[in-house]
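Below are some notes on the model for you to read alongside the coordinates.

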Amino acid sequence: MATGSLRAAAAATATAAAPTQLSLSSKLSLSSKLPLHPSFSVSFHPRGGRHHAAPLVAVVRASVDAKPTVLVAEKLGEAGLSLLKGFANVDCSYNLSPEELCTKISLCDALIVRSGTKVNREVFESSGGRLKVVGRAGVGIDNVDLSAATEHGCLVVNAPTANTVAAAEHGIALLAAMARNVAQADASVKAGKWQRNKYVGVSLVGKTLAVMGFGKVGSEVARRAKGLGMHVISHDPYAPADRARAVGVDLVGFDEAITTADFISLHMPLTPATSKILNDETFAKMKKGVRIVNVARGGVIDEEALVRALDAGIVAQAALDVFTEEPPAKDSKLVQHERVTVTPHLGASTMEAQEGVAIEIAEAVIGALKGELAATAVNAPMVPAEVLTELKPFVVLAEKLGRLAVQLVGGGSGVKTIKVTYASARAPDDLDTRLLRAMITKGIIEPISNVFVNLVNADFTAKQRGLRITEERVILDGSPESPLEFIQVQIANVESRFASAISDSGEITVEGRVKDGIPHLTKVGSFEVDVSLEGNIILCRQVDQPGMIGRVGSILGEENVNVSFMSVGRIAPRKQAVMAIGVDDQPSKETLKRIGDIPAVEEFVFLKL
């Protein structure tokens, strides 16, 4: 236990149990495989922060024998392709039909798309589990089935920053071009006309612009609109008020935004909640003569309703870069409308943005294939780099404690209930344990399953295995410099292959700490030990008597098994003791038998890390 008094224990959270359970039959070895039947999706809610994540864990596994294969299904900048080709085999196959994509995908470790390729459930199912990362070269990910990706353990990353300025600039360009009838006047002059009176525009200065969605692009549009002398308001239920105030923008409700605005600029993602959010009902609430710009997603506007609003004079003008169907039909009433300015999805189409997006998505995909978790992951926790760096040794500790605990389960016991305790001097809201829980789940499931568990599918896999994982926080007195004092993993209602691993409360219990950046096993059952969690471990319970360390060490030495650490925890002198031995290699059965034949050894177990 940690020094310092215990002041409180936090409430537990749980991963709900499914009807099935994870069973360890007495006839089932720890290398046996149990099938997984994916039918449940889980989403992660990012903590936020514009940071890049540090290398952390093996989110995906690239082959050690050959380069991974990356399928680039839509045109990507040369700078990005060069990065990819330096790391992987790159297959640039554009304009694939859905059938062709499903055929190719089983040979690919990664897929990179833009907005034109639909990465649906069929694509993930066709990959046969090989596809480990999908990269969306851009911001929106509505063309990727995130639920299916999560179920299949596939990381999805995007490139949210490189084209931010380009999209914002295009939004402002459309705003000004619409206000001054630039496109219509240009077409008129080229047709041999000179209609100065027809194309009288409106001024931007002093007008109210409602920015609908105050994310990266929306906030950049707001900054530029402020520079044009506009009064800017915004609606975004997730935007921090202080960030809006810093730009000089007032956050308001949806109805207030659309009823008071002279101009409306759309910058929200396409979700079930935002689909056709501008429709007959919402157009009817707007100020007559409102002007609308959309450089976000076509589906957020009911296009037929917009035509009706234009014809009725509710909407004076619209400038659209995106459409529900792209390209739109040639006879589209919206596209052909005289008071509508259109561009063919050019928001990110600057030379600088194209190269930037290509580099950003290539780096994210390569990082994922190397086993790094990018801050641009959209279906896994996005954690600031400094938090990842601080938690890194504890993440390793968490996985190894889970791996040790499940290997201690014996007999026909079914693993159903796991309790994880985190001891820390930090406040409960200053320690995000999602990474740690995911890695404990990984450690528990992988030794007895053919499923590769990662941060994307950890909760889903636990659900399918029937595991109920609860978390408890123990708050310690003392300095909060280190995020954690110790992590304890307990498995309840099971038999143990090593009886001494059962604590006084009746659960298999293992506990560990990080010392000088290295994970250590510090408790087994009720016995205090101290052994580095590197290589593998032999646990022995013996009668505490002189010479035991030497006898066991000699046997291992004779068999050329290197001992890295050795620690003994005992109840009292000359009573029972547990010896934890760290070994670099797996001893032979004969070597382990020789250890077990020592008269003072009452039980022992070999555990693989």
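1. Contact here means heavy atoms within 4.5 Å. By that criterion, Arg437, Ala438, Thr441 and Ile445 of helix α15 meet Ala458, Asp459, Thr461, Ala462 and Arg465 of helix α16. Please keep in mind that this is a predicted model.

2. Helix α15 covers residues 434-445 and helix α16 covers residues 458-465; their axes come within 9 Å and cross at roughly 45°. Because of that angle, α15 is oblique to α16. The crossing of α15 past α16 is left-handed.

3. The model has an open sheet of 7 strands with parallel pairing, in the order β11-β10-β9-β12-β13-β14-β15. At its edges are β11 (250-251) and β15 (340-342), each of which pairs on one side only.

4. Within the sheet, β13 (residues 290-294) runs parallel to β14 (residues 315-320), and 5 bridges join the two. Arg291 is placed opposite Gln317 in β14. Helix α11 (residues 303-312) lies across β14 and β15, at about 140° to β14.

5. The largest nonpolar core holds 53 residues, and Leu408, Ile418, Ile487, Leu521 and Leu539 touch the most other members. Helix α14 (residues 385-407) supplies the largest share of this core, 11 residues. Another core lies apart from it, with 30 residues, including Met212, Ile264, Leu266 and Ile277.

6. Which residues is Ile418 in contact with, leaving aside its neighbours within four places in sequence? They are Ile444, Leu467, Arg468, Ile469, Thr470, Val489, Gln490 and Ile491.

Technical notes: Residues are numbered from 1 along each chain as its sequence is written. This is a predicted model: local features need pLDDT of at least 70, side-chain atom pairs count only at pLDDT 80 or more; totals for chains, interfaces and linings use all residues. Side-chain values use heavy atoms; hydrogens and water are left out. A nonpolar core is a set of buried Ala, Val, Leu, Ile, Met, Phe, Trp, Tyr and Cys residues joined through side-chain atoms within 4.5 Å. Buried means under 20% relative accessible area, exposed over 50%, partly exposed in between (1.4 Å probe, protein chains only). Helices (H or I, at least four residues) and strands (E, at least two) are DSSP runs, numbered from the N terminus. Two strands pair if DSSP finds at least two bridges between them. Axes are lines fitted to C-alpha atoms, for helices over the stretch in contact, and angles run from 0 to 180 degrees between N-to-C directions. Angles under 35 degrees count as roughly parallel, over 145 as roughly antiparallel, 65 to 115 as roughly perpendicular and the rest as oblique. A crossing is left-handed if the near helix is turned anticlockwise from the far one by less than a right angle, and right-handed if clockwise.
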